[in-house]
Amino acid sequence: MSALTKAKGFKKSKTGTYLSIGTTAFGAISVLKQAKKARHEHDTLRLIDAVVSAAAIATGVALLLRELKRLGDDDVLLG
């Protein structure tokens, strides 16, 4: 289940969206470790997988930030 799906299950609340952003960002740590290991082992396929996963994480966070903006969050970082 993706972080975005979990946010929708929270009735698109600010709290649920913040939680989803946190869990999604936490997943980035795993992807960074995977990329580092792939580079060290010269494993191109695993490195490509890490890059695609990183892109998915970035897209997921961007969607969640957009959702926060729609919820009327006036956080300075969101503009």
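Is Ile21 buried or exposed at 17% relative accessibility? Ile21 counts as buried, with a relative accessibility of 17%. The term buried means under 20% relative accessible area, exposed means over 50%, and partly exposed lies in between (1.4 Å probe, protein chains only). The points below place this residue in its setting.

1. Basis of the model. This is a predicted model, in which local features need pLDDT of at least 70 and side-chain atom pairs count only at pLDDT 80 or more, while totals for chains, interfaces and linings use all residues. Residues are numbered from 1 along each chain as its sequence is written, and side-chain values use heavy atoms, with hydrogens and water left out.

2. Confidence. The pLDDT is the predictor's confidence in each residue, on a scale from 0 to 100. Its mean for the protein is 83, and 76% of the residues reach 70 or more. Confidence is lowest in helix H1 (residues 3–9), where the mean is 57, and highest in H3, where the mean is 93. Where pLDDT is low, the predicted coordinates should not be read in detail.

3. Overall arrangement. The protein has three helices and zero strands, and along the sequence the pattern reads α-α-α. Helices (H or I, at least four residues) and strands (E, at least two) are DSSP runs, numbered from the N terminus. Of the 79 residues, 23% count as buried. The protein exposes about 5,800 Å², of which carbon and sulfur atoms supply 64%; accessible areas come from the Shrake-Rupley method with a 1.4 Å probe, and for residues only the protein chains shown count as cover. A contact means heavy atoms within 4.5 Å. Among contacts in the protein with a separation of 6 or more, 53% join residues 24 or more positions apart.

4. Helix H2. The 28 residues of H2 should span 40 Å at 1.5 Å a residue, and the end C-alpha atoms are 41 Å apart, which agrees. The expected span is 1.5 Å times one less than the number of residues in the helix. Buried residues in H2 include Gly16, Thr17, Ser20, Thr24, Val31, Ala35 and Ala38. Ile21 also lies in this helix. By contrast, Lys33, found in H2, is exposed, with a relative accessible area of 59%.

5. Helix H3. This helix has 27 residues and reaches 39 Å from its first C-alpha to its last, close to the 39 Å expected at 1.5 Å a residue. Its buried residues are Ala50, Ile57, Gly60, Leu64, Glu67 and Leu68. Just after H3, Gly72 takes a positive phi of about 85 degrees.

6. Links across the sequence. Leaving aside neighbours within four places in sequence, Ile21 is in contact with Leu64, Leu65 and Leu68. Ile21 and Val61 are 40 residues apart in sequence, and their C-alpha atoms are 5.9 Å apart in space. The C-alpha atoms of Ala56 and Thr24 are separated by 9.8 Å, although these residues are 32 residues apart along the chain. For Lys33 and Ala50, 17 residues apart along the chain, the C-alpha separation is 8.9 Å.

7. The loop between H2 and H3. His42 is placed in the loop between helix H2 (14–41) and helix H3 (44–70). Its phi is near 55 degrees, a positive value in a residue other than glycine. His42 is exposed, with a relative accessible area of 71%.

8. Asp43 and Arg46. What does Asp43 cap? Asp43 caps the N-terminal end of H3, with a side-chain oxygen 3.4 Å from the backbone nitrogen of Leu45. Asp43 also forms a salt bridge with Arg46, the closest N and O atoms being 3.8 Å apart. A salt bridge is a side-chain nitrogen of Lys or Arg within 4 Å of a carboxyl oxygen of Asp or Glu, and by this rule the count comes to one. Side chains of opposite charge can pair when their charged atoms come close. Both partners count as partly exposed: Arg46 at 34% relative accessibility, and Asp43 at 25%.

Definitions and conventions. Polar contact = N/O pair within 3.5 Å; in protein donor to acceptor, adjacent residues only side chain to side chain.
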